[in-house]
Amino acid sequence: MKRAEYFKKIYELVSQIPPGRVATYGQLAYLAGFPQAPRIAGQALCFAPPGLPCHRCVNSAGRLAPGFLQQRALLEKEGVRFRPNGCVDLKKHLWDPFCS
């Protein structure tokens, strides 16, 4: 699969994450059919088209993207809570794509 096709799959998945939920890069890679490529999922978001809710993507520990200064504020505005260490509380906010 070409990189552009993989990025497109990631963008389709990210567009489905509802407000108040987050997905991990690994989760996106798995759902796109490439469980071994979470870093490439993260790279895809660096080149995402405008309007895509990339702020809803975090690493496997719930850590925010480095350099994305508005990410926390955007998530908090949607009701996402953070643990004392600054990571998203994944037990409460991890997106389950198989439940509506």
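A charge sits over a ring if NZ of Lys or CZ of Arg is within 6 Å of the ring centre and within 35 degrees of the ring normal. In this predicted model, the charged end of Arg72 sits over the ring of Phe82, 4.1 Å from its centre. Local features need pLDDT of at least 70, side-chain atom pairs count only at pLDDT 80 or more, and totals for chains, interfaces and linings use all residues. Residues are numbered from 1 along each chain as its sequence is written, and side-chain values use heavy atoms, with hydrogens and water left out.

**Aromatic pairs**
- The structure holds three aromatic pairs (rings of Phe, Tyr and Trp, the last by its six-membered ring, with centres within 6.5 Å; planes under 30 degrees apart are stacked, over 60 edge-to-face, the rest tilted).
- One of them is the edge-to-face pair of Tyr6 and Phe34, with 5.2 Å centre to centre and 90° between the planes.
- Tyr6 lies in helix H1 (residues 3-14) and Phe34 in the loop between helix H2 (25-31) and helix H3 (38-46), 28 residues apart.
- Helices (H or I, at least four residues) and strands (E, at least two) are DSSP runs, numbered from the N terminus.

**Phe7 and Phe47**
- The ring centres of Phe7 and Phe47 are 6.3 Å apart with planes at 15°, so this pair is stacked.
- Phe7 is in helix H1 and Phe47 in the loop between H3 and strand E2 (57-58), 40 residues apart.
- Phe7, Tyr11 and Phe47 form one aromatic cluster.

**Accessibility**
- Buried means under 20% relative accessible area, exposed over 50%, and partly exposed in between (1.4 Å probe, protein chains only).
- Tyr6 is buried at 4%, and Phe34 is partly exposed at 24%.
- Phe7 is buried at 11%, whereas Phe47 is exposed at 60%.
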